[in-house]
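This report examines selected features of one structure, shown below. Please keep the sequence and the model in view while reading.

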Amino acid sequence: MKNNETKERWIQHYSSSHKILLVGEGDFSFSACLAKAFGSAANMVATCLHTEAMLWVRHWTSTAHLQELKRLRGLVLYQVDVHNMNEHPYLKYMKFDVILFNFPHAGHYRWLRERDSILIRMHQDLIAAYFKTAKEMLLEEGEIHVTVRDDYPYNRWEVEKLAECAGLQLKDKVEFRKENYPGYQNKRGGNINCNQRFPLKACYTYKFTLKVSALENSDGSEVYESASTEITSIITTVEDLQI
Ligand SMILES: C[S@@+](CC[C@H](N)C(=O)[O-])C[C@H]1O[C@@H](n2cnc3c(N)ncnc32)[C@H](O)[C@@H]1O
């Protein structure tokens, strides 16, 4: 995790020595902000759902940010879908200290309002898919971050419950302030006014880690098991381990 050649630099929760994967980027302004703060993007992989051609149509403001990432030796990948990013030809060989998704959103539909259950369910499915694949891509003690709005109806997404179901545990929940990330422009995404910003009211970055249950061996030492459905179905009691 430490790079001895250059001095470690921090911006909020993120360090230049972290291997960072950014998913669901809009115009790559958040990635570029981190890269500039670090003075390098060599440890970063910045991704978006769009093809390169579609990104230019949807987020024409991305050009400068992509140039900055290229100059600072970042890897930019297109067409990275959180549903299967762990099988992506490059990403499947990589592990990360931090994986982050700012303001996940399943898209805008003229016939659906944000408070409609069907759209809320779509957002939840997206976040659940993100947790499921990101889990497979973490280095030891790695963190999965997601930043969401906390006002209604966004607070109905129940991010913490989704994480719990995915076998993750909450490490921290920190207020997200856009002014802490110079140059970042939060984008609506989707196919209606995609490059426009949206109001950021109360927002939080949730930091999750793999769920770890501390169990005690018969000799008193601790055994740490990452939670997985497989493991929990086999090990039902602490006594089962003490054979
Ligand atoms: C509200 S925008 C936020 C964009 C950007 N993260 C930001 O903070 O400005 C939601 C983003 O989620 C992305 N997204 C939606 N479904 C996705 C998926 N299946 N995989 C990866 N990204 C997805 C969209 O492409 C869009 O960029």
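Where is Leu91 found?

The model discussed here is predicted. Leu91 is found in the loop that lies between strand E5 and strand E6 (96-102). Is Leu91 buried or exposed? A residue counts as buried if 20 or more other C-beta atoms lie within 10 Å of its own. Leu91 has 22 such atoms within 10 Å, and therefore it is buried.

When residues up to four places away in sequence are not counted, Leu91 touches Met85, Asn86 and Met137. Along the chain, Leu91 and Leu77 are 14 residues apart, and their C-alpha atoms are separated by 9.3 Å.

Strand E3 comprises residues 20-23. Ile20 and Leu22 point one way from this strand, whereas Leu21 and Val23 point the other way. All of these residues are buried.

Strand E3 pairs with strand E4 in the parallel sense, over three bridges. In this pairing, Leu21 stands opposite Val45 in E4.

## Helix H3

Which residues of helix H3 (residues 62-71) are buried? They are Ser62, His65, Leu66 and Leu69. These residues cover an arc of only 100 degrees around the axis, and they are therefore on the same side of H3. The spacing of such residues follows a general rule: an α-helix has 3.6 residues a turn, so residues three or four places apart point the same way.

Several elements cover the buried residues of H3, including helix H1 (29-38) and helix H2 (52-58). Strand E4 (44-47) and strand E5 (75-77) are also among them. Just after H3, Arg73 takes a positive phi of about 65 degrees.

Conventions: Residues are numbered from 1 along each chain as its sequence is written. This is a predicted model: local features need pLDDT of at least 70, side-chain atom pairs count only at pLDDT 80 or more; totals for chains, interfaces and linings use all residues. A residue is buried if 20 or more other C-beta atoms lie within 10 Å of its own, exposed if 12 or fewer, and partly exposed in between; C-beta atoms are placed from the backbone. Helices (H or I, at least four residues) and strands (E, at least two) are DSSP runs, numbered from the N terminus. The arc is that of the directions from the helix axis to the C-beta atoms. Two residues are in contact if their C-beta atoms, placed from the backbone, lie within 7 Å. Two strands pair if DSSP finds at least two bridges between them.
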